[in-house]
Amino acid sequence: MTDDHSEVRRRVEGCVANGQWALASLELAALWRQKPTPANASYVVAHFERMRDRLPLISCRLALLRSFTVEPMVPLLRAAAFVSGLALDVQVGDFNAYAQEMLLPDSRLYQFDPHVVILAVQTRDIVPELWEQYADLSPAQVGEAIERTAGEFRGWVRAVRSRSQAHLVVHTLDEPLVPARGVLDYQSDGGQIAAIRHLNQQLQHVAGEHAGVYLLDYASLVARYGRVRWYDESKWLAARLPLAAGALIELANEWVRLLHPLLGRVCKVLVTDLDQTLWGGVIGEDGLEGIEVGAEAPGAAYRSLQRALLDLHHRGVLLAVCSKNNPDEAMEVLERHPDMLLRPDHFAALQINWRDKAENLRAIAAELNIGTDAVAFLDDSPVERARVRAELPEVTVIELPDDPLGYAAAVRESPVFERLALAEEDRQRARYYADQRQRAELAGQVASVEDFYRSLNLAVEVAPVTAQTLPRVAQLTQKTNQFNLTTRRYSEQQIAEMMAQSDWRLFSLRVTDRFGDSGLVGAACLRVAPDGWEIDTFLLSCRVIGRTVETAFLAGLAAQARAAGAARLCGWFLPSKKNAPARSFYGQHAFQLVRETADGAFWALDLSRALPACPQWIRMTVVG
Amino acid sequence: MNAAILDRVRQITADVFGVDIREVTVESSPETIASWDSQAHLNYVLALEAEFGIQLSAVAAADILDVGLAVAAVEERVAKQAP
């Protein structure tokens, strides 16, 4: 082992001994980045396990169902996960018993009660007709094999979905190194590769039939690494491990990549530096003509990076700027340089000044109402990156290579920007924040707050949750922290279940104002009981806090409850670290405090008396 | 026996089997290390392959009966791959 590693290990052990948990985990992360090998995996996992209760890790029970040996990957997976802030407890299913595990209601799988299930099955294991035996088959037999296999997957997915609320990730089927018919295979659309791809399309349909079922494009993963290097026939025959030693970490990393959006380990904003990051050169020294960004080298590298950021922007990730510059000079590039892909409107926040970057990151996070643990930082300077890592360990600092040609890939490959569902609102999110800046300016111009509310031309729609709005509602329960009375997190599957039950009423809130449609920004789940309706969940996106729309929402719900014959409306306020903004909500709307416990406060409103009124500056529509 | 390779193999042995490196000698084997079972053996082979950038055949992997033989297997493959 090199001296570097002994040194890093000594530092790790020193930090752990001194109770410097955050520092220890940064050192372990650096160690892992340098050398993500099986030997280091054991070391990294052992030390994170010691510190597990002292670090803000997201816990997850992960079940691996498989048709091949995966045990050697588990330490790599757990190490990569720990370094990313995820504490995994992994159950590996009985060898090749994936079907039984999914179909038998009392299997080890269901007893484990996993958060995530990964189904890793190879083509050669589940449909050998399309692998080794392909050349023997008639077209009809190929078709039958595809139908039968798709049907099997459909049955398994249904079984899992009916018995568990876990996220289910299904590997797509892999393609042979060389097709049975050689180069002839691809000349028509009836070949072996085509058959496997057709089967994978069927898997896409199966996944689309259920909430919470996702595909891992295994064939693409293998192709990215290189089919020739991926497989190890010798290990396959000796231990039913199809992957070569070097490929194990690639698969482990891909699993961790998918776990990021599934477990909410994502960044909502990417804060980027300007000089030598978004463009080559330093605007303060080189002037507008001297900086480099464009279609030709060396500016092409920076344009590629801007393209990557633009793609993130379309995915719903916010962009922000943090640059040590004179604002005028930096803005001149953003506004006027002809080859820039990114313009001021693409950024939800801009901190261009000479202050410390960590301070600026905190300011940006506060301005956008986002936790610093949802911030990613992009800067060409290793010094700035190290500073932010040390000062704000919860910020995801994107590691950049020396060569700018590698910048775009570093951003594209960062797992914190992965999303597995894209609600329409996410795509338009950045525009809302730009609109928000306009609203803030407007607020400065009006006389009273009521005048301000009136000037917004607010309109809200309260409607029952539908299949179309279900994903957004589930997303809101998972992401909303501040105006959230009980902070109950629900998956799409759980919302669907509630919708199907006769004693639940689920509502969504849509808000528009003079600047546009904010979209679906509120949700409420109420349970119908003999003595009245109880509010299980009532939340509002931070985007619309401070505009009295919560009063309108409550008014709409109360009217519905009374019309249905409910005697009272009641609910808990369960305090969390972040929901102080909602603490006085019930009190402010004439609810009576019924009782207080260590967990929170229970409030009730007698519906035979006056109902909460919708503010006069809000037009409310209640959809039947 | 190459001292540098022995050193690295001892560290890998300690990491993979979860034992103190000071207890790892060329004689260390499944008889002296309790956690060195057949599944751990596969992990051990993979760890050696990853560390040295080599591929060990099934036969070579099965022949690794103690740390000394592990070093020999690594040296043999590393020599074959030298330019």
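I started with charges over rings in this predicted model. I found the charged end of A:Arg9 over the ring of A:Tyr43, with 3.9 Å to the ring centre. I then looked up A:Arg229, and this one lies over the face of A:Tyr225, 4.2 Å from the ring centre.

Next, ring against ring. I get 17 aromatic pairs over all chains. I picked A:Phe48 and A:Phe82, which are stacked, with 5.0 Å centre to centre and 0 degrees between the planes. What does this pair tie together? A:Phe48 sits in helix α3 (residues 38–51) of chain A and A:Phe82 in helix α4 (residues 73–83) of chain A, so the contact joins parts that are 34 residues apart in sequence. I also checked burial here: A:Phe48 and A:Phe82 are both buried.

Then I went to A:Phe153 and A:Trp156. I noted an edge-to-face pair, 5.1 Å centre to centre with 65 degrees between the planes. Both residues belong to helix α8 (residues 139–163) of chain A, and they are three residues apart, about one turn of the helix.

Is A:Phe153 buried or exposed? Its relative accessibility is 2%, so I put A:Phe153 down as buried. A:Trp156 comes out at 7% relative accessibility, and because buried means under 20%, A:Trp156 counts as buried too.

Last entry, the cluster. Which residues do ring pairs link into a cluster? I listed A:Phe483, A:Phe538, A:Phe553, A:Phe585, A:Tyr586, A:Phe591 and A:Trp603.

Note on methods:
Residues numbered from 1 in each chain as written. Chains lettered and ligands numbered in written order. Predicted model: local features only at pLDDT ≥ 70, side-chain atom pairs only at ≥ 80, totals over all residues. Heavy atoms only, no water. Phe/Tyr/Trp six-rings, centres within 6.5 Å; stacked < 30°, edge-to-face > 60°. Helix = DSSP H or I, 4+ residues; strand = E, 2+ residues; numbered from the N terminus. Buried < 20%, exposed > 50% of the residue type's maximum accessible area, 1.4 Å probe, protein only. Lys NZ or Arg CZ within 6 Å of the ring centre and 35° of its normal.
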